[in-house]
Amino acid sequence: MKFSQPSPLTKLLLTAGALSLAVVPVTGCGMFNQSWDVKLEVTGDGSADVGYAFPGDNDGRTDADRKLPWNKKRNVGFGFSDVTVTDAGPGTACRIYVNGKLKDEQRKPDAKGLVSCSVNLQD
């Protein structure tokens with residue numbers, strides 16, 4: 001069985017196609033070492049249950065019956081960061097800071113005592 005050599009144009013098109021498929025996922029997903037310093041914060045009186053997640057946390061975490069104020073910091077890549085407070089008393093607030101700048105703040109728990117903040121980090 002004899003194979004013929006592909007033409008230079010065919011080689012060029014195949015190479016360009018392969019490169020475009022390789023570059024799109026890398027640039028679209030923040031793979032060039034983009035990272036952010038994220039601080040989750042809850043203020044108020046008393047204690048509350050604080051659920052939180054940083055990018056890469058599949059199930060999130062919960063700090064039960066935590067004395068307020070509360071905070072967690074982490075350097076993260078792209079994705080969602082969120083904090084949810086249950087059993088929050090009046091005056092409880094959540095905040096998310098990204099690289100030291102306030103990106104989300106919620107100051108009023110709902111009628112069930114729930115308050116939450118969320119930020120989506122992208123390139």
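Is Glu 105 buried, exposed or partly exposed? At 26% relative accessibility, Glu 105 is partly exposed, a class that lies between buried (under 20% relative accessible area) and exposed (over 50%), as judged with a 1.4 Å probe and protein chains only. Glu 105 returns below, among the charged pairs.

The model is a predicted one, in which local features need pLDDT of at least 70 and side-chain atom pairs count only at pLDDT 80 or more, while totals for chains, interfaces and linings use all residues. Residues are numbered from 1 along each chain as its sequence is written, and side-chain values use heavy atoms, with hydrogens and water left out.

To begin with the overall picture, the protein contains 1 helix and 8 strands, arranged along the sequence as α-β-β-β-β-β-β-β-β. Of the 123 residues, 28% are buried. The accessible surface is about 8400 Å², and carbon and sulfur atoms account for 54% of it; such areas come from the Shrake-Rupley method with a 1.4 Å probe, and for residues only the protein chains shown count as cover. Where contacts (heavy atoms within 4.5 Å) link residues at least 6 apart in sequence, 58% of them join residues at least 24 apart.

Four strands can be followed next. An open sheet is formed by 4 strands in the order S3-S2-S5-S8, with antiparallel pairing; two strands pair if DSSP finds at least two bridges between them. S3 (61–67) and S8 are the edge strands, each pairing on one side only. Inside the sheet, S2 and S5 are joined by 5 bridges, and Tyr 52 stands opposite Val 83 in S5. Between S5 and S8 there are 7 bridges, and Asp 82 has Ser 118 in S8 as its bridge partner.

Now to the interior. In soluble globular proteins, nonpolar side chains tend to be buried together. Here the largest nonpolar core has 21 residues, and those with the most contacts inside it include Val 38, Leu 40, Trp 70 and Val 83. Strands S1 (36–43), S2 (47–53), S4 (70–76), S5 (79–86), S6 (93–98) and S8 (115–121) each supply at least two residues of this core. Such a core is a set of buried Ala, Val, Leu, Ile, Met, Phe, Trp, Tyr and Cys residues joined through side-chain atoms within 4.5 Å. Charged side chains complete the description. The structure holds 6 salt bridges, each a side-chain nitrogen of Lys or Arg within 4 Å of a carboxyl oxygen of Asp or Glu. Glu 41 pairs with Arg 95, their closest N and O atoms lying 3.2 Å apart. This pair links distant parts of the chain, with Glu 41 in strand S1 and Arg 95 in strand S6, 54 residues apart. Glu 41 counts as buried at 14% relative accessibility, and Arg 95 counts as buried at 13%. Lys 72 and Asp 63 meet in a salt bridge at 3.8 Å, N to O; Lys 72 is partly exposed at 29%, whereas Asp 63 is buried at 13%.

Glu 105 forms a salt bridge with Arg 107, with the closest N and O atoms 3.2 Å apart. Arg 107 is exposed, at 57% relative accessibility. Through shared partners, salt bridges join Lys 39, Glu 41, Arg 95, Glu 105 and Arg 107 into one network.
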